[in-house]
Amino acid sequence: MEILIKTSDQVTLNTVTMQHPTEGVLVYTEWVNDQGCIMDCEIRSKDGYLIEDEDLEVEVYQFVDSLK
């Protein structure tokens, strides 16, 4: 076996913990590359469960964007 290509990127992990009026405590995590682009993000409950509710995701993304 041989390595054909090996790449490495430096990323920043940003985490925002927030209190949502109906969902309780939510943890938003985003991975940002060195150019400032979000590579991935997720929302989890305080117990660590992944949340995949599109309406809630949009609401959280807009809230986090308003902080920048």
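How far is the sulfur of Cys37 from the closest cysteine sulfur, and in which residue does that sulfur lie? The legends below take this up first and then turn to the rest of the predicted model.

**View 1. Two cysteines, Cys37 and Cys41, with their sulfur atoms apart.** The closest cysteine sulfur to that of Cys37 belongs to Cys41, 13 Å away. That is too far for a bond. A disulfide is a covalent bond between the sulfur atoms of two cysteines. To count here, the two sulfur atoms must lie within 2.5 Å. The count of disulfides by this rule is zero. Seen from Cys41, the closest cysteine sulfur is in Cys37, at 13 Å. Are these residues buried, exposed or partly exposed? Cys37 has 42% relative accessibility, so this residue counts as partly exposed. Cys41 has 25% and also counts as partly exposed.

**View 2. The hairpin of S1 and S2.** Strand S1 covers residues 11–20, and strand S2 covers residues 24–33. The two strands run antiparallel. How many bridges join them? The number is ten. Three residues carry the chain from S1 to S2 in this hairpin.

**View 3. The open sheet of three strands.** Read the strand order as S1-S2-S3. The pairing is antiparallel. Which strands form the edges? They are S1 and S3, the latter spanning 38–45. Each edge strand pairs on one side only. On average, neighbouring strands of the sheet are turned by 15° against each other, direction ignored.

**View 4. S2 beside S3.** Seven bridges link S2 and S3. Their pairing is antiparallel.

**View 5. Gln10, in the segment before S1.** Is Gln10 buried or exposed? Its relative accessibility is 62%, so Gln10 counts as exposed. Set aside the neighbours within four places in sequence, and Gln10 is in contact with Val32, Asn33 and Asp34. Now find Glu57, which is 47 residues from Gln10 along the chain. The C-alpha atoms of Gln10 and Glu57 are 26 Å apart.

**View 6. The whole protein chain, for orientation.** The chain has one helix and three strands. Starting at the N terminus, the elements follow the order β-β-β-α. Why is the chain described as more spread out than a compact globule? Its radius of gyration is 15 Å, while the globule rule gives 11 Å for 68 residues. The value is well over that of the rule, so the chain is more spread out than a compact globule. The C-alpha trace spans about 50 × 30 × 20 Å along its principal axes. Buried residues make up 24% of the 68. The accessible surface is about 5600 Å², and carbon and sulfur atoms hold 49% of that area. Among contacts with a separation of 6 or more, 20% join residues 24 or more positions apart.

Methods:
Residues are numbered from 1 along each chain as its sequence is written. This is a predicted model: local features need pLDDT of at least 70, side-chain atom pairs count only at pLDDT 80 or more; totals for chains, interfaces and linings use all residues. Side-chain values use heavy atoms; hydrogens and water are left out. Two strands pair if DSSP finds at least two bridges between them. Helices (H or I, at least four residues) and strands (E, at least two) are DSSP runs, numbered from the N terminus. Axes are lines fitted to C-alpha atoms, for helices over the stretch in contact, and angles run from 0 to 180 degrees between N-to-C directions. The radius of gyration is taken over C-alpha atoms; the globule rule is 2.2 Å times the number of residues to the power 0.38. Buried means under 20% relative accessible area, exposed over 50%, partly exposed in between (1.4 Å probe, protein chains only). Contact means heavy atoms within 4.5 Å. Accessible areas come from the Shrake-Rupley method with a 1.4 Å probe; for residues, only the protein chains shown count as cover.
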